[in-house]
Amino acid sequence: GRHETSTTTICANIIGMFGNGFIAVIYCIDWVKSRKLFSCDMILTCLAMSRILLQGIFTAYIFIHIFAPGTHYLNQVQKSLSFLWLFANTVGLWFTACLGIFYCVKITICNQPLFLRMKQKISVMVPKLLLWSLLVSFVTSIPLIWSQYSFYLCISKGHLFSNSTVEDKTWDVSYLYFTFLYSAASFIPFIIFLTTSILLISSLWRHTRNMQCNTTSFWDPSTEAHVSAIKALISCLILYIFNFAAVIVTALPTCLTDRIWTRTITYMVLAAYPSGHSLILILINPKLKQALVRILQIIKCHLKGEIF
């Protein structure tokens with residue numbers, strides 16, 4: 001039922017918040033200790049923080065929908081939740097695109113002068129890319145503050161494609177404008193991430209072919225770096241595609257997505273994307289994995305001490 005779906009979604013969000021919180025805390029501790037944060041670590045920290053915000057808002061939305069359904073339909077509550085969710089989701093998509101750009105520029109083997117210049121300056125460019133992502137996401141979300149859109153766009157007795165008069169349907173122009181704006185804001189980082197992932201995968205393929213032609217060892221640090229990045233990017237790409245589809249579904253009129261199974265699948269995908277990718281990043285990233293192993297060992301020793 002709906003409550004079972006909501007419980008599953010909340011659990012997935014809580015797991016994701018713990019995972020993303022773990023990533024953010026580990027890198028913040030490193031930042032305090034060393035007084036510096038590497039570019040990749042900076043992107044992952046910002047991405048983790050944006051996802052904590054996103055999952056917190058999503059969890060709050062579900063709680064309000066279950067325990068105070070009347071509050072959800074209040075104009076100011078709906079606008080506030082929608083603005084925060086849109087901003088957190090959009091900035092997360094842009095941060096993911098920044099991660100793709102960083103991996104692509106840093107790891108991809110290319111002798112083009114422009115690409116080599118970018119490789120040298122990518123570390124300096126990362127803070128600017130992150131700030132630009134924040135700005136674009138905020139500007140994209142602002143129209144929600146004054147737009148009079150409604151998630152329940154189809155106010156009618158029948159269905160969207162049924163034969164009905166104009167009076168039976170209410171199409172809010174500002175809602176359609178918002179849908180177009182959000183789709184564009186989501187589609188651009190998606191294309192960037194998809195392009196960088198394809199470039200990185202093709203670079204790995206060329207690199208492994210060259211290694212096969214040489215007499216040296218097939219597996220080297222360069223190949224290992226490629227494979228680690230590819231695992232992170234492919235896993236994120238698969239989840240990203242499903243998440244992108246789910247986000248588009250949420251922007252559609254409710255008369256098209258009014259079925260319980262549609263909402264169930266959509267909410268589960270929206271919860272699984274940030275949660276699943278954070279767990280994959282922890283398992284793939286050596287620094288995060290070592291920190292997790294240390295914490296689990298401490299917990300294990302503590303539990304043993306209590307038992308004995």
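**Aromatic packing and surface features of a helical model**

Phe-193 has a relative accessible area of 0% and is therefore buried, where buried denotes under 20% relative accessible area, exposed over 50%, and partly exposed the range in between, with a 1.4 Å probe and protein chains only. The structure is a predicted model, in which local features need pLDDT of at least 70 and side-chain atom pairs count only at pLDDT 80 or more, whereas totals for chains, interfaces and linings use all residues. Residues are numbered from 1 along each chain as its sequence is written, and side-chain values use heavy atoms, with hydrogens and water left out.

Of the 308 residues in the protein, 43% are buried. The protein contains 10 helices and 0 strands, these elements being DSSP runs numbered from the N terminus (helices, H or I, at least four residues; strands, E, at least two). Read from the N terminus, the order of elements is α-α-α-α-α-α-α-α-α-α.

The count of aromatic pairs comes to 9, a pair being two rings of Phe, Tyr or Trp (its six-membered ring) whose centres lie within 6.5 Å, called stacked if the planes are under 30 degrees apart, edge-to-face if over 60, and tilted otherwise. One of these pairs joins Phe-83 and Phe-138, which are edge-to-face because the ring planes stand at 85 degrees, with the centres 6.1 Å apart. This pair links distant parts of the chain, since Phe-83 belongs to helix H4 (residues 75–107) and Phe-138 to helix H5, 55 residues apart. With a relative accessible area of 15%, Phe-83 is buried, whereas Phe-138, at 39%, counts as partly exposed.

Phe-193 lies in helix H7 (residues 173–213) and Tyr-240 in helix H8 (residues 221–251), so that the pair ties together parts 47 residues apart in sequence. Tyr-240 is likewise buried, at 0% relative accessibility. Both residues belong to one aromatic cluster, which is formed by Phe-187, Phe-190, Phe-193, Tyr-240, Phe-244 and Tyr-273. Over the face of Tyr-273 lies Arg-51, at 4.9 Å from the ring centre; a charge is placed over a ring if NZ of Lys or CZ of Arg is within 6 Å of the ring centre and within 35 degrees of the ring normal.

Leu-135 is located in helix H5 (residues 113–141) and, with a relative accessible area of 46%, is partly exposed.

The disulfide count comes to 0, a disulfide being a pair of cysteine sulfur atoms within 2.5 Å. Cys-46 is in no disulfide, the nearest cysteine sulfur being that of Cys-98, 8.8 Å away. Cys-46 is partly exposed, at 23% relative accessible area, whereas Cys-40 counts as buried, at 13%.

Ile-66 is found in helix H2 (residues 39–67) and counts as partly exposed, at 25% relative accessibility. Between Ile-66 and Ser-6 the C-alpha to C-alpha distance is 8.4 Å, although these residues are 60 residues apart in sequence.
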